[in-house]
Amino acid sequence: SYVMAPFEQIIMEKLRNRLFQHVTQLDLAFFTKSKKGSLISTMVSDVQVVQEAVISTLQALIREPITALVFLLTLLFISWQLTLFTLIILPLTGLVINSISGPLKRKTKEGQKVLGELVSLMDEYIGAMNVVKGFQKEKYIQEKYEGKNAHYTQTQVSVRRSSELASPLTEIISILVVCAII
């Protein structure tokens with residue numbers, strides 16, 4: 001990862017530049033439909049998710065092919081039938097694990113959306129602070145913020161719980177596959 005750091009960061013720099021260029025080219029109508037906080041939150045968190053994926057993918061592209069080749073050759077040397085069985089069952093296992101992670105992805109997107117609404121509300125308040133204070137609507141804004149914040153908390157609890165359940169389920173499925181292979 002020490003050697004890969006410049007490559008990873010250059011890729012991310014290009015991604016951020018392209019994303020910003022794309023946003024600057026959007027119609028004004030898009031910005032009237034979208035909340036600023038939601039847009040900023042999505043841009044920041046999505047780039048962060050992509051960055052983690054890029055880093056892990058680049059690391060895997062270097063390490064994993066060599067490891068996979070060694071394992072495959074070892075398996076073929078031990079038993080070609082076992083190798084064939086393994087090559088059939090592993091993709092099926094991948095499909096099952098993917099079906100477990102699907103709901104987690106949806107909940108994570110919901111969390112990003114709610115966080116965007118929370119950031120938008122903060123931005124709206126700060127931008128219109130004089131108006132809010134002038135009409136003495138601080139309590140209304142506070143209640144609205146607390147409602148959104150509670151929704152965000154519930155969403156994050158759900159994401160966290162789903163994440164905590166997904167890992168053991170994935171491990172159990174993996175163990176069952178290994179047992180089936182053995």
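Modeller: Contact means that heavy atoms lie within 4.5 Å of each other. By that rule Thr-93 touches Ile-173 and Val-177, with residues up to four places away in sequence left out.

Colleague: What kind of model is this?

Modeller: This is a predicted model, in which local features need pLDDT of at least 70 and side-chain atom pairs count only at pLDDT 80 or more, while totals for chains, interfaces and linings use all residues. Residues are numbered from 1 along each chain as its sequence is written, and side-chain values use heavy atoms, without hydrogens or water.

Colleague: Where does Thr-93 lie?

Modeller: Thr-93 lies in helix H4. Helices here are DSSP runs (H or I, at least four residues), as are strands (E, at least two), numbered from the N terminus.

Colleague: What makes Thr-93 buried?

Modeller: Buried means under 20% relative accessible area, exposed means over 50%, and partly exposed is in between (1.4 Å probe, protein chains only). The relative accessible area of Thr-93 is 10%, so Thr-93 is buried.

Colleague: How far apart in space are Thr-93 and Ser-174?

Modeller: They are 7.6 Å apart, C-alpha to C-alpha, and 81 residues apart in sequence.

Colleague: Why does Thr-86 count as buried?

Modeller: Thr-86 has 9% relative accessibility, so it counts as buried. Thr-86 is in helix H4 too. Leaving aside neighbours within four places in sequence, Thr-86 is in contact with Pro-91 and Ile-181.

Colleague: Why is Val-119 called partly exposed?

Modeller: Val-119 has a relative accessible area of 28%, so it is partly exposed. Val-119 lies in helix H4.

Colleague: What describes a pair of packed helices?

Modeller: The angle between their axes and the distance between the axes. Axes are lines fitted to C-alpha atoms, for helices over the stretch in contact, and angles run from 0 to 180 degrees between N-to-C directions.

Colleague: What makes H3 and H4 roughly antiparallel?

Modeller: Helix H3 (residues 36–78) and helix H4 (residues 80–127) pack at about 165°, with axes 10 Å apart. Angles under 35 degrees are roughly parallel, over 145 roughly antiparallel, 65 to 115 roughly perpendicular, and the rest oblique. H3 and H4 are therefore roughly antiparallel.

Colleague: Which hand does the crossing of H3 and H4 have?

Modeller: H3 passes H4 in a right-handed crossing. A crossing is right-handed if the near helix is turned clockwise from the far one by less than a right angle, and left-handed if anticlockwise.

Colleague: Which residues of H3 and H4 meet?

Modeller: On the H3 side they include Ser-41, Asp-46, Leu-72 and Leu-76. On the H4 side, Trp-80, Leu-87, Leu-115 and Val-119 are among them. By class, the contact of H3 with H4 has eight nonpolar, eight polar and three charged residues. Ala, Val, Leu, Ile, Met, Phe, Trp, Tyr, Cys and Pro count as nonpolar, Asp, Glu, Lys and Arg as charged, and the others, Gly among them, as polar.

Colleague: Why are H4 and H6 called roughly antiparallel?

Modeller: H4 and helix H6 (residues 138–181) pack at about 170°, with axes 9 Å apart. H4 and H6 are therefore roughly antiparallel. Their contact has 24 nonpolar, 13 polar and five charged residues.

Colleague: Why does Asp-46 count as partly exposed?

Modeller: Asp-46 has 33% relative accessibility, so it counts as partly exposed. Asp-46 lies in helix H3. The C-alpha atoms of Asp-46 and Gln-156 are separated by 16 Å.

Colleague: What makes the phi of Gln-136 worth a remark?

Modeller: Phi of Gln-136 is near 55°, a positive value in a residue other than glycine. Most residues other than glycine have a negative phi. Gln-136 lies in the loop between helix H5 (129–134) and H6. At 66% relative accessibility, Gln-136 counts as exposed.

Colleague: How many helices and strands are in the chain?

Modeller: Six helices and zero strands.

Colleague: How do you know that the chain is more spread out than a compact globule?

Modeller: The radius of gyration is taken over C-alpha atoms, and the globule rule is 2.2 Å times the number of residues to the power 0.38. The chain has a radius of gyration of 23 Å, well over the 16 Å that the rule gives for 182 residues, so the chain is more spread out than a compact globule. Its C-alpha atoms fill a box of roughly 80 × 35 × 30 Å along the principal axes. Buried residues make up 20% of the 182 residues.
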